[in-house]
Amino acid sequence: MAIVVIAFIMLGCEEEDQETLVVYNWGDYIDQELLRQFEEEENVRVIYQEYATNEDLYVKLSSSLEAIDVIIPSDYMLSRLIKEGLVQKIDMNNIPNLQDINTDFMNQSCDPTGEYGVPYLWQTLGIIYNSAKFPEGINKWADLWNPKYEKEIVLYNAQRDVLTVALSKLGYSINTSNIDELKEAEEELLKQKEINYAYLGDEIKDVLVNEDANIGMVYSGDAGVIMSQNPNYKYVIPEEGSNMAIDFMAIPKTAKNKPLAEKFINFMTRTDVALNNTRFIMYNSPIDKVREMLPEEITNYGLYPTEEEMKRLTIYDDMSEYNAVYNKIWTEITSGM
């Protein structure tokens with residue numbers, strides 16, 4: 001997922017009366033050939049922009065009147081956007097491909113009525129490690145505190161995910177609002193920081209592929225990309241448990257072209273399109289047909305958790321009520337970086 005911010009225009013036929021669709025998405029989170037395909041099929045122009053975090057998306061929507069037609073928030077951020085009236089209901093009659101999405105991903109607590117978001121992709125947060133260098137295996141978050149791995153470890157530069165590592169290690173809920181537990185997690189992360197190589201964004205993939213560091217906290221899609229480029233790596237869901245994230249396609253209140261936005265959402269849930277997208281970016285599809293059609297080299301990466309592993313996964317709750325606490329902790333952890 002994105003840790004850089006860029007914007008560019010997908011160029012198709014530029015007739016004066018041509019419809020325009022503005023899509024705002026994470027970086028590295030779509031096969032951009034599909035944007036061109038949509039332009040050609042619908043004879044429209046797509047303006048595509050990228051953001052780094054859910055929080056960046058929130059700032060954009062809450063502080064700007066800029067017209068954006070489609071966004072891809074994660075579960076907990078979709079919940080917040082619904083509560084604050086920053087997204088609008090989707091006419092699901094215009095999304096006939098919704099019938100192919102596994103119902104387990106619908107009507108989640110972030111969107112209990114299933115009216116505001118259509119599942120896009122999902123993923124797990126886990127550990128990837130170089131098995132050639134560390135044949136003993138790394139199966140616990142607690143291993144990331146082992147001094148033998150000093151300067152071999154990279155973590156995302158992402159507040160919520162990094163806190164998840166420490167909270168899970170301590171046996172606490174990754175959705176805790178308990179100040180004492182959060183403070184304890186902060187203390188653990190300050191210790192871990194001493195042996196950490198870096199907190200990184202999208203470049204985390206290159207650092208691991210090139211073996212500048214050999215252990216990483218990554219989402220499963222990034223793990224798939226890394227393993228496809230360096231077969232020494234293995235991906236595991238830690239024994240202490242972790243986060244499972246579902247990202248949704250949604251339509252902001254500021255959208256100027258809701259009908260075209262719904263066409264795009266339906267296009268992205270079409271089996272052939274979703275398959276190409278999943279093969280390209282490696283994140284998990286909520287469409288069973290797509291999973292069945294994935295090539296063996298992808299299914300062998302172990303990106304789709306087993307039934308037992310699923311029991312150890314938790315979806316993030318919206319914790320925006322505690323933003324001041326989370327932000328203070330994150331500032332203290334990252335100060336001096």
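This is a predicted model: local features need pLDDT of at least 70, side-chain atom pairs count only at pLDDT 80 or more; totals for chains, interfaces and linings use all residues.

Visitor: Which strand does Thr124 lie in?
Guide: Thr124 belongs to strand E6, residues 118–130.

Visitor: What does the side chain of Thr124 make a polar contact with?
Guide: The side chain of Tyr235. The distance is 2.7 Å.

Visitor: Which residues is Thr124 in contact with, leaving aside neighbours within four places in sequence?
Guide: Among them are Val218, Tyr219 and Ser220. Tyr235, Ile237, Asn243 and Met244 are on the list too.

Visitor: New spot. Is Ser242 buried or exposed?
Guide: Buried, with a relative accessible area of 2%. Ser242 lies in strand E11, which covers residues 242–249.

Visitor: How far apart are Ser242 and Leu125?
Guide: In sequence, they are 117 residues apart. In space, their C-alpha atoms are 6.1 Å apart.

Visitor: What does the side chain of Ser242 reach?
Guide: The backbone oxygen of Leu125, at 2.6 Å.

Visitor: How many residues of H8 are buried?
Guide: 8 of its 11 residues, so the helix is mostly covered. Leu260, Phe264 and Ile265 are among them.

Visitor: What happens at the start of H8?
Guide: A side-chain oxygen of Asn257 comes to within 3.2 Å of the backbone nitrogen of Leu260.

Visitor: Back to that loop between E5 and E6. What about Asn107?
Guide: Asn107 sits in that loop. Its phi is near 50 degrees, a positive value in a residue other than glycine. Asn107 is partly exposed, with a relative accessible area of 47%.

Visitor: What is phi for Glu211?
Guide: Near 60 degrees, also a positive value in a residue other than glycine. Glu211 lies in the loop between helix H6 (204–209) and strand E9 (215–219). At 34% relative accessibility, Glu211 counts as partly exposed.

Visitor: Time to zoom out. How many helices and strands are in the protein chain?
Guide: There are 13 helices and 13 strands. The radius of gyration is 20 Å, close to the 20 Å that the globule rule gives for 337 residues, so the chain is as compact as a globular protein of that length.

Visitor: What box do the C-alpha atoms fill?
Guide: Roughly 60 × 45 × 35 Å, along the principal axes.

Visitor: What share of the residues is buried?
Guide: Buried residues make up 58% of the 337.

Visitor: What about contacts with a separation of 6 or more?
Guide: Residues 24 or more positions apart account for 76% of those contacts.

Visitor: Last one. How far apart are the mean positions of the positive and negative charges?
Guide: 3 Å, for 28 positive and 58 negative charges.

Conventions. Residues are numbered from 1 along each chain as its sequence is written. Side-chain values use heavy atoms; hydrogens and water are left out. Helices (H or I, at least four residues) and strands (E, at least two) are DSSP runs, numbered from the N terminus. The radius of gyration is taken over C-alpha atoms; the globule rule is 2.2 Å times the number of residues to the power 0.38. Buried means under 20% relative accessible area, exposed over 50%, partly exposed in between (1.4 Å probe, protein chains only). Contact means heavy atoms within 4.5 Å. Lys and Arg count as positive and Asp and Glu as negative; His and the chain ends are not counted. The place of a charge is taken as NZ of Lys, CZ of Arg, CG of Asp or CD of Glu. A polar contact is a pair of N or O atoms within 3.5 Å; within protein, one must be able to donate a hydrogen and the other to accept it, and residues adjacent in sequence count only if both atoms are side-chain atoms.
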